[in-house]
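Please keep the sequence and the structure in view while reading.

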Amino acid sequence: MNIALIGYGKMGKEIEKIAQERGHNITARIDMQSGDAFDGEGFAAADVAIEFTMPAAAYGNYMECFKRNKPVVSGTTGWLDKLNDIKEQCENKGQTFFYASNFSVGVNVFFEINKKLAQLMNGVSGYEVSMEETHHIHKKDSPSGTAITLAEGIIDQLDGKTGWTEDQFPKDNEIQIEAFRREEVPGIHTVIYDSEVDEIIIHHSAKSRKGFALGAVLAAEFTAKNKGFLGMGDMLKF
Ligand SMILES: NC(=O)C1=CN([C@@H]2O[C@H](COP(=O)(O)OP(=O)(O)OC[C@H]3O[C@@H](n4cnc5c(N)ncnc54)[C@H](O)[C@@H]3O)[C@@H](O)[C@H]2O)C=CC1
Ligand SMILES: O=C(O)C1=N[C@H](C(=O)O)C[C@H](O)C1
């Protein structure tokens with residue numbers, strides 16, 4: 001398969017390695033620092049574009065892909081105010097777009113455990129839920145996209161929780177998310193249910209970016225064979 005990389009930073013380079021190990025060709029590397037252009041032959045030759053850039057750049061890049069009817073795998077976080085527009089273009093204009101706040105298969109198992117735990121905790125009184133996430137100091141968005149997905153999983157299951165906040169003093173209906181930025185940490189997420197007598201904690205810690213990159217390449221392989229608005233649930237069949 002031919003792949004165009006949009007964003008050739010930490011994730012772009014990790015994805016390139018895994019894609020090549022799996023026998024794919026990288027036909028374009030588009031980055032604002034240097035590299036290929038959307039109008040170039042390399043981008044035209046790509047079966048799928050994989051986009052990992054930054055929150056402010058992501059939507060514009062998706063539109064460049066859609067103008068050329070190129071399917072997109074999107075990993076950038078922090079741009080979700082435009083998600084409905086993207087869904088609409090998939091439903092009514094024949095575009096194909098795969099989004100995941102976290103492509104790691106392990107994190108997607110963790111998402112399912114989080115939902116199941118929240119469902120159980122809905123029947124139990126005396127616990128307050130909160131979350132923590134820790135990432136490297138270069139990260140531009142806060143809280144992480146993964147933390148937001150975890151919070152949404154809890155809100156869907158837990159009566160009385162309708163939103164999340166990074167405020168130090170959350171309201172009763174809000175889940176507090178604390179975001180820490182430390183050295184080169186790839187990504188740690190923790191969900192805590194605290195009571196007077198004990199704590200229940202679930203935790204995922206990425207050891208490197210390899211799991212995110214492998215998931216993104218698997219998603220590109222899936223996207224090349226499918227159409228519409230896609231996600232990890234479609235691919236992993238959870
Ligand atoms: N969904 C997931 O599994 C994961 C998502 N991410 C997200 O992916 C994004 C990128 O992460 P990293 O690669 O670590 O960042 P990075 O900062 O190392 O790389 C981003 C690259 O995008 C380039 N760029 C910025 N604006 C651009 C534009 N308009 N057009 C083309 N290139 C542009 C930058 O020059 C840079 O090389 C972040 O939003 C991060 O949160 C990161 C890891 C996993
Ligand atoms: O910026 C990162 O590095 C990561 N971003 C994603 C997020 O915001 O959840 C996924 C992963 O945690 C790494």
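Which residue of β4 does I50 stand opposite? I50 stands opposite V73 in β4.

## Model and conventions

The structure is a predicted model, in which local features need pLDDT of at least 70 and side-chain atom pairs count only at pLDDT 80 or more, while totals for chains, interfaces and linings use all residues. Residues are numbered from 1 along each chain as its sequence is written, and chains are lettered from A and ligands numbered from 1 in the order in which they are written.

The average pLDDT (the predictor's confidence in each residue, from 0 to 100) of the protein is 97, and 100% of the residues score at least 70. The ipTM is 0.99 and the pTM is 0.97.

## Two domains

The protein is divided into domain 1 (2-103 + 210-236) and domain 2 (105-205); these bounds come from an automatic or database domain assignment. Their C-alpha centres lie 27 Å apart. Contact (C-beta atoms, placed from the backbone, within 7 Å) links 10 residues of domain 1 with 11 residues of domain 2. On the domain 1 side, the elements that give two or more residues are α7 and α8 (232-236). That side has 4 nonpolar, 6 polar and no charged residues. In this classification Ala, Val, Leu, Ile, Met, Phe, Trp, Tyr, Cys and Pro are nonpolar, Asp, Glu, Lys and Arg are charged, and the others, Gly among them, are polar.

## The parallel sheet

An open sheet of 6 strands has the order β2-β1-β3-β4-β5-β11, with parallel pairing. Its edge strands, β2 (25-30) and β11 (229-230), each pair on one side only. Helices (H or I, at least four residues) and strands (E, at least two) are DSSP runs numbered from the N terminus, and two strands pair if DSSP finds at least two bridges between them.

Strands β3 (residues 48-51) and β4 (residues 72-74) run parallel and are joined by 3 bridges. Helix α7 (residues 210-224) lies across β1 (2-6), β3, β4, β5 (97-99) and β11, at about 150° to β3. Such angles run from 0 to 180 degrees between N-to-C directions, with axes fitted to C-alpha atoms, for helices over the stretch in contact.

Strand β6 (residues 128-135) runs parallel to β8 (residues 174-181), with 6 bridges between them. Q176 in β8 stands opposite S130 and is also the bridge partner of T165. By contrast, β9 (residues 188-194) and β10 pair in the antiparallel sense over 7 bridges, with I192 opposite I201 in β10.

## Ligand surroundings

There are 27 residues around ligand 1, and G7, G9, K10, M11 and A57 come nearest; a residue is near a molecule if its C-beta atom, placed from the backbone, lies within 6 Å of it. Helices α1 (10-21) and α3 (55-67) each supply at least two residues of this shell, which has 12 nonpolar, 12 polar and 3 charged residues.

The residues around ligand 2 are T77, S101, N102, H135, K139, S144, G145, T146 and G187. This shell divides into no nonpolar, 8 polar and 1 charged. Domain 1 and domain 2 each contribute at least three residues to the shell around ligand 2.

Notes:
Two residues are in contact if their C-beta atoms, placed from the backbone, lie within 7 Å.
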